[in-house]
Amino acid sequence: MTGKILSADSKSLVIVRKKQFKANIGVALLFEKPEKFKENCINYFESLKGNFNTKNPRYVFKSKDIKSLFGHDKSTKIIGDFVSLINESKVAVSFVFSILNTKRLKEVRYYSGDNAVKTEKPMKFIDKLTSYFSYITAWKSLRELGLNSIEVHLDNFDEQEYTYAWDEVVVSNQPVIFPKGDQVNLFISAADIILEYIHQKIMEQNIRLGVREMDELNEKHLGLDDFKVFYSGNRDVKYLAPYSRRKIPIRDYLARPMLYVLPEGLMGKEERAVIENSPSFQYLLRFASDIGGGLKFISLEKDAYNIREDDIIVYFGNESKKKAEYLKKVLKYPIEVYSILEIIERYETNANGV
C-alpha cells in the first residue's frame with residue numbers, strides 16, 4: 001500500500017413511524033496513511049482480545065462479529081471507542097444517504113443506453129439500490145471530495161448492471177472488490193463499524209435523515225473529527241439507475257490473490273453455514289487478511305472463469321482434495337492448494353496467531 005485508500009460500506013435504513021420510511025445509508029472512509037491505520041487497528045483489536053481473554057486468530061472484525069464475540073452490551077462501548085481510533089488516525093468520514101422525493105419523481109427509468117427503457121416505481125428502485133449502494137457511497141464521496149487516482153476498497157456486491165456512477169469510479173480510480181470484505185479487509189471493516197455506530201445513534205436519537213440533522217448528530221453525539229454528509233437523491237438518479245442490461249464484470253476487480261474455499265460435500269446445503277460458524281473458518285478469515293485477498297466459497301461452474309495465477313484453494317477432506325488437485329494438476333489452473341489443517345497449523349504454531 002503506497003497511496004490513499006477509500007473504503008465504503010452501506011445498509012438499508014428502515015424507520016416505522018406513522019408509516020414506513022426507507023432509505024439507503026453508507027459510510028466512506030478516506031485513509032491518508034493506510035499502513036499506519038492498519039498498524040493502529042491491529043493493535044486495537046489485539047489489545048481488546050487480550051483484555052477479554054478471547055482466543056481468536058483474526059484481527060479484522062465486522063460489527064456483528066464484535067457483538068457475537070464480546071456480547072451486546074460491551075459491543076456498544078467497543079464500537080463507540082473505535083471512534084477514538086478513527087480520530088487519532090485522522091481518517092475522514094463521509095456519510096452518504098439516498099432518499100427519493102416520490103412527489104417529484106413518479107418513476108425511475110432503466111436501460112436508456114440500450115434503447116430498451118424499463119420503468120420502476122421509486123420505492124422499488126430504493127430496494128434495488130440497496131444491493132450496490134456501497135459503491136454508490138464511494139462514488140458520491142469521491143465526486144464531492146474531488147478525489148481521483150484512489151484505490152477504492154469495496155465489499156463484494158451481487159452482479160449488477162452498469163451505471164454511470166460505476167463508470168465514473170472506474171475511469172479515474174482503482175476499485176478492488178473483496179468478498180467477505182468486512183471480515184478480511186481492515187478498511188472495509190472500519191467502514192462497517194463506523195456505519196453501525198452512526199446507525200445506532202440515528203435510531204437512539206430518532207432524528208430525521210437530513211444534512212443539517214446529521215451534522216448536528218455528529219456535533220452532539222458522534223464525535224467524529226472529520227465528518228461530511230452528502231445527499232444523493234432525485235438529481236442523481238441518472239447516475240444511480242442502470243443504463244444498460246450488461247453486467248459489471250466483478251472478476252476484473254476482485255482482490256488478488258483470491259482464497260477459494262472448497263467444502264467436502266458431506267452436509268448438503270447446510271455445509272456452508274456449518275463451516276462459516278466453525279472455529280476453523282476463523283483461520284481462513286485470518287489467512288485471507290494476511291495475504292490481502294478476498295474469500296469466497298468456490299462455485300466450480302462460475303469461478304472457473306475467475307481464477308487467476310497465485311489464487312488459492314483450501315480443501316477440507318479427501319474428496320475436496322481430489323477436486324483441488326484435479327483443478328491444479330490435470331486441468332492446469334495456476335492455483336496454490338492447501339488443506340484447512342495446514343492453514344490452522346500456520347497460526348497455532350505461531351504464538352502471535354492466537
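At what angle do helix 1 (residues 34-51) and helix 8 (residues 186-205) pack, and how far apart are their axes? They pack at an angle of about 65 degrees, with the axes 10 Å apart, where axes are lines fitted to C-alpha atoms, for helices over the stretch in contact, and angles run from 0 to 180 degrees between N-to-C directions. The model is predicted, so local features need pLDDT of at least 70 and side-chain atom pairs count only at pLDDT 80 or more, whereas totals for chains, interfaces and linings use all residues. Residues are numbered from 1 along each chain as its sequence is written, and side-chain values use heavy atoms, with hydrogens and water left out.

**Helix 1 and helix 8**

- Helix 1 and helix 8 are therefore roughly perpendicular to each other, a label given to angles of 65 to 115 degrees, while those under 35 count as roughly parallel, those over 145 as roughly antiparallel and the rest as oblique.
- Their contact (heavy atoms within 4.5 Å) is made by Pro34, Phe37, Lys38, Cys41, Ile42 and Phe45 of helix 1 together with Leu186, Phe187, Ala190 and Ile193 of helix 8.
- By class, this contact of helix 1 with helix 8 has nine nonpolar residues, one charged residue and no polar residues.

- Six strands form an open sheet of mixed pairing in the order 7-6-1-2-3-8, where helices (H or I, at least four residues) and strands (E, at least two) are DSSP runs numbered from the N terminus.
- The edge strands, each of which pairs on one side only, are strand 7 (174-178) and strand 8 (227-231), and two strands pair if DSSP finds at least two bridges between them.
- The twist averages 25 degrees from one strand to the next.
- Strand 1 (residues 5-16) and strand 2 (residues 20-31) run antiparallel and are joined by twelve bridges, with serine 7 standing opposite leucine 29 in strand 2.
- Helix 8 lies across strands 1, 2, 3 (92-98), 6 (151-155), 7 and 8, and it runs at about 30 degrees to strand 1.

- Histidine 153, found in strand 6, counts as buried at 4% relative accessibility, since buried means under 20% relative accessible area, exposed over 50% and partly exposed in between (1.4 Å probe, protein chains only).
- Leaving aside neighbours within four places in sequence, histidine 153 is in contact with residues including Ser7, Val176 and Phe187.
- Glutamine 282, in helix 12 (residues 279-291), is buried with a relative accessible area of 16%.
- With neighbours within four places in sequence again left aside, glutamine 282 is in contact with Asn56, Pro57, Arg58 and Glu276.

Key
Nonpolar A, V, L, I, M, F, W, Y, C, P; charged D, E, K, R; others polar.
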